[in-house]
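Work through the exercises below with the model open beside you. Try each task before reading its solution.

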Amino acid sequence: MTRWGLIGASTIAREWVIGAIRAAGGEVVSVMSTSAERGAAYAEENGIAKSVTTVAELVGDPDVDAVYVSTTNELHREQTLAAIAAGKHVLCEKPLAMTLEDARDMVSAAQEAGVVLATNHHLRNAASHRAMRDAIAEGRIGRPIAARVFHAVYLPPHLQGWRLERPDAGGGVILDITVHDADTLRFILNDDPIDAVAISHSAGMGKEGVEDGVMGVIHFRSGVIAQFHDAFTTKYAETGLEVHGTEGSLIGRNVMTQKPTGTVTLRNADGESELTLDHRNLYETALSAFHAAAQGNGRPSATGEDGVWSLATGLAVVKAAATGQAVAIETGL
């Protein structure tokens, strides 16, 4: 059994990850919050035996085998490196870090220490996206030409806070949502991005210096161009992902979500057909793969390297939106 410590008494851990750890056969033994009062209340509410107030206490605990980092983005690097130095496996929220250099340092440290570093890109675990990846690999739409991602949502009040107020913490829609688009597209297309163009804005939710909406295009090595629209401000939009090829199209609806829902339609010369989807909890799928990887069997769903790729894409989109220029996507891996 993999025993977990949580760095960050977070909403995502409470709503999704703690349950997924347990469903995948793991145990949550400790939580760290800089507020002793908050940590103790969180531990009690979530059935966690220990609460601590420092990273050193949590990663130094011999009862902890793996650490889930879900603090604000500017803290990820130091907390992850501390866990790795203590010999712990790490599942880190996206984006891995604020800079590519920091993210690469995290990947290198994990490799040198012989521990697993994974990025919590949940969407590649969705049945919809796995079915789309398989259909493309099987040639069911011919050669992919273009893609479109609709990931404009409404950020609920309990998740707003720093995401709309703190550029220093990696706030804004690009490092929160566009990185997910990049990872999902890389996964589905089995391809890497090479450059991006974008325009961002604040439509009334983001504070000055924090974008709450972005549109752009990512260009992939194979020649595929992928349009994306991400936002925190659209209360009534649906999400979706489409891939269009020389011989057909895949139309995913309500698939850019944490919930195991949505449909995928294949359109080609034979008409329309629905792909069969085996919907399962995305985070439980991720934690099952992580536990296996920690025991030396296979790889996590999204590796540290995958996290570097999504961060590189997100940072390129940020720069493209700021400069009005096409920006190359380079990971340095």
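**Exercise 1. Work out the make-up of residues 3-121: how much is helix, how much is strand, and how far apart are the ends?**

Step 1. Keep in mind that this is a predicted model.
Step 2. Take the secondary structure. Over residues 3-121, 44% of the chain is helix and 21% is strand.
Step 3. Take the ends. The end C-alpha atoms of this stretch are 21 Å apart.
Step 4. Check the record. The unreviewed UniProt entry annotates residues 3-121 as "domain: Gfo/Idh/MocA-like oxidoreductase N-terminal".

**Exercise 2. Find the order of the 6 strands in the open sheet, and say whether the pairing is parallel or antiparallel.**

Step 1. Read across the sheet. The order is 3-2-1-4-5-6, and the pairing is parallel.
Step 2. Look at the edges. Strand 3 (50-52) and strand 6 (117-119) each have a single partner strand, so one side of each lacks a neighbour in the sheet.
Step 3. Zoom in on one pair. Strand 1 (residues 3-7) and strand 2 (residues 27-32) run parallel and are joined by 5 bridges. Trp 4 has Val 28 of strand 2 as its bridge partner.

**Exercise 3. Identify the strands that helix 4 lies across.**

Step 1. Locate the helix. Helix 4 spans residues 76-85.
Step 2. List the strands. Helix 4 lies across strand 1, strand 4 (66-69), strand 5 (89-92) and strand 6.
Step 3. Helix 4 runs at about 160° to strand 5.

**Exercise 4. Describe how helix 1 and helix 9 cross.**

Step 1. Begin with the general idea. Two packed helices are described by the angle and the distance between their axes.
Step 2. Apply it. The axes of helix 1 (residues 11-23) and helix 9 (residues 282-294) come within 8 Å and cross at roughly 50°.
Step 3. Classify the angle. Helix 1 is therefore oblique to helix 9.
Step 4. The crossing of helix 1 and helix 9 is right-handed.
Step 5. Name the contact residues. Helix 1 supplies Ile 12, Trp 16, Val 17, Ala 20, Ile 21 and Ala 23. Helix 9 supplies Tyr 283, Glu 284, Leu 287 and His 291.
Step 6. Sort them. The contact residues divide into 8 nonpolar, 1 polar and 1 charged.

**Exercise 5. Determine how many residues link strand 13 to strand 14 in their hairpin.**

Step 1. Find the pair. Strand 13 (residues 263-268) and strand 14 (residues 271-274) run antiparallel, with 4 bridges between them.
Step 2. Pick one bridge. Arg 267 is partnered by Glu 272 of strand 14.
Step 3. Count the link. The hairpin joins strand 13 to strand 14 through 2 residues.

Terms used. Residues are numbered from 1 along each chain as its sequence is written. This is a predicted model: local features need pLDDT of at least 70, side-chain atom pairs count only at pLDDT 80 or more; totals for chains, interfaces and linings use all residues. Side-chain values use heavy atoms; hydrogens and water are left out. Two strands pair if DSSP finds at least two bridges between them. Contact means heavy atoms within 4.5 Å. Axes are lines fitted to C-alpha atoms, for helices over the stretch in contact, and angles run from 0 to 180 degrees between N-to-C directions. UniProt positions are given in the numbering used here, feature names are shortened, and annotations may be inferred rather than shown by experiment. Angles under 35 degrees count as roughly parallel, over 145 as roughly antiparallel, 65 to 115 as roughly perpendicular and the rest as oblique. A crossing is left-handed if the near helix is turned anticlockwise from the far one by less than a right angle, and right-handed if clockwise. Ala, Val, Leu, Ile, Met, Phe, Trp, Tyr, Cys and Pro count as nonpolar, Asp, Glu, Lys and Arg as charged, and the others, Gly among them, as polar.
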